[in-house]
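Please view the sequence and the model together before reading on.

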Amino acid sequence: MAQEADGIRLEQKHGKARVRVGRVWRDGHDGSHHFVEWNVSISLLSHCLSSYYRDDNSDIVATDTMKNTWFWPIFYVGMKVYVKAKECEDRLSVEEFSILIGKHFCSFYPQVYTAIVNIIEKPWERVSIGGKPHLHGFKLGSETHTVEARVEKSGALNLNSGIAGLALLKTTQSGFERFVRDKYTILPETRERMLATEVNASWRYSYDSVASIPTKGLYFSENFMDVKKVLMETFFGPPETGVYSPSVQRTLYLMGSAVLRRFTDVSSIHLKMPNIHFLPVNLSTKENPSMVKFKDDVYLPTDEPHGSIEATVSRVTSKL
Ligand SMILES: O=c1[nH]c(=O)c2[nH]c(=O)[nH]c2[nH]1
């Protein structure tokens with residue numbers, strides 16, 4: 001919300017970035033432990049104009065306090081969010097935790113009208129030893145789970161979940177043909193190429209208030225795994241035959257629309273899918289003109305430059 005004084009408009013927020021926390025839940029039944037590692041950033045939109053207009057900080061919630069309010073373990077007075085989270089005997093999703101934090105700041109501080117909570121969850125995965133899931137052993141995977149919860153004092157909610165760094169590659173069933181050709185075009189048309197990308201996706205849930213989110217435990221954690229599955233199944237196709245991709249654009253659209261079809265509570269999804277090039281290697285000398293003749297076998301992997309392709313796929317809502 002913008003505020004004005006003396007003919008000057010001010011939009012401000014302040015917060016605490018990159019507060020890291022690890023949390024273990026110990027299951028009493030089978031002795032298994034559950035572990036999450038979260039990196040939390042909080043931005044508070046608040047009525048604290050006096051700190052900008054005058055040397056008066058009486059309305060500022062110190063960014064240091066934001067950290068302490070939920071830091072683990074905390075035995076100090078007033079650290080209500082920690083106590084609330086501690087009282088949650090069941091595990092909770094990173095989405096639920098971010099909403100919990102947002103609700104706390106909006107209700108605890110009168111001057112805060114919006115809390116924006118961003119959390120990145122590290123991909124700690126349970127290990128298997130000798131084919132058996134380990135009770136308390138974890139290894140770090142690759143792609144991360146991200147969340148942004150924007151919570152208003154009124155209880156209004158804007159919730160986005162995402163996945164970052166999902167690197168995917170297929171060695172065939174990809175091509176690129178019939179694109180614009182002009183005097184600068186050197187790229188040959190092909191129906192046989194490598195397709196590699198690193199998917200960054202962010203989808204918006206349609207829940208518009210904190211009271212309307214599903215109450216089923218770990219609902220959002222399961223959804224995250226299912227969205228990832230749908231994205232990957234659409235990218236790769238069936239295991240034996242695959243599915244042909246005529247362009248990154250077409251594959252991106254099919255991935256996004258598959259998520260919208262499958263998850264009725266997702267209203268839009270933004271996908272960023274760089275086209276990471278693996279260049280065919282052809283080497284020749286005068287004596288040996290076909291020393292390495294490319295037969296869809298030897299490539300030069302590259303990171304940069306890469307094609308940059310991103311789009312948002314949304315549900316069209318009826319105006320009736
Ligand atoms: O799938 C592709 N989309 C493009 O827009 C593009 N541009 C390019 O050079 N190669 C590709 N591949």
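Which residues of α5 are buried? In this predicted model, the buried residues of helix α5 are Phe220, Phe224, Val227, Leu231 and Phe235. Viewed down the axis of α5, these buried residues fall within an arc of 65°, so they line one face of the helix.

**Helix α5**

- Helix α5 spans residues 219-236 and contains 18 residues.
- From its first C-alpha to its last, α5 reaches 26 Å, which is close to the 26 Å expected at 1.5 Å a residue.
- The exposed residues Glu222, Met225 and Lys229 are carried on the face of α5 turned away from its buried side.
- The elements that cover the buried residues of α5 include α4, β8 (144-152), β9 (157-170), β10 (195-205) and α6 (248-262).
- Gly237 follows α5 and has a positive phi, near 75°.

**The nonpolar core**

- The largest nonpolar core comprises 40 residues, and Phe105 and Ala115 are those with the most contacts inside it.
- Helix α4 (residues 94-108) supplies the largest share of this core, namely six residues.
- Not counting residues up to four places away in sequence, Ala115 touches Ile42, Leu44, Gly102, Phe105, Cys106 and Val151.

**The surroundings of the ligand**

- The ligand has Phe176, Leu187, Ser247, Val248, Gln249, Asn275 and Gly307 around it.
- Sorted by class, this shell holds three nonpolar and four polar residues, with no charged residues.

Notes
Residues numbered from 1 in each chain as written. Predicted model: local features only at pLDDT ≥ 70, side-chain atom pairs only at ≥ 80, totals over all residues. Near = placed C-beta within 6 Å. Nonpolar A, V, L, I, M, F, W, Y, C, P; charged D, E, K, R; others polar. Core = buried A, V, L, I, M, F, W, Y, C linked by C-beta atoms within 7 Å. Buried ≥ 20, exposed ≤ 12 C-beta atoms within 10 Å, placed from the backbone. Helix = DSSP H or I, 4+ residues; strand = E, 2+ residues; numbered from the N terminus. Contact = placed C-beta atoms within 7 Å. Expected span 1.5 Å × (residues − 1). Arc of directions from axis to C-beta.
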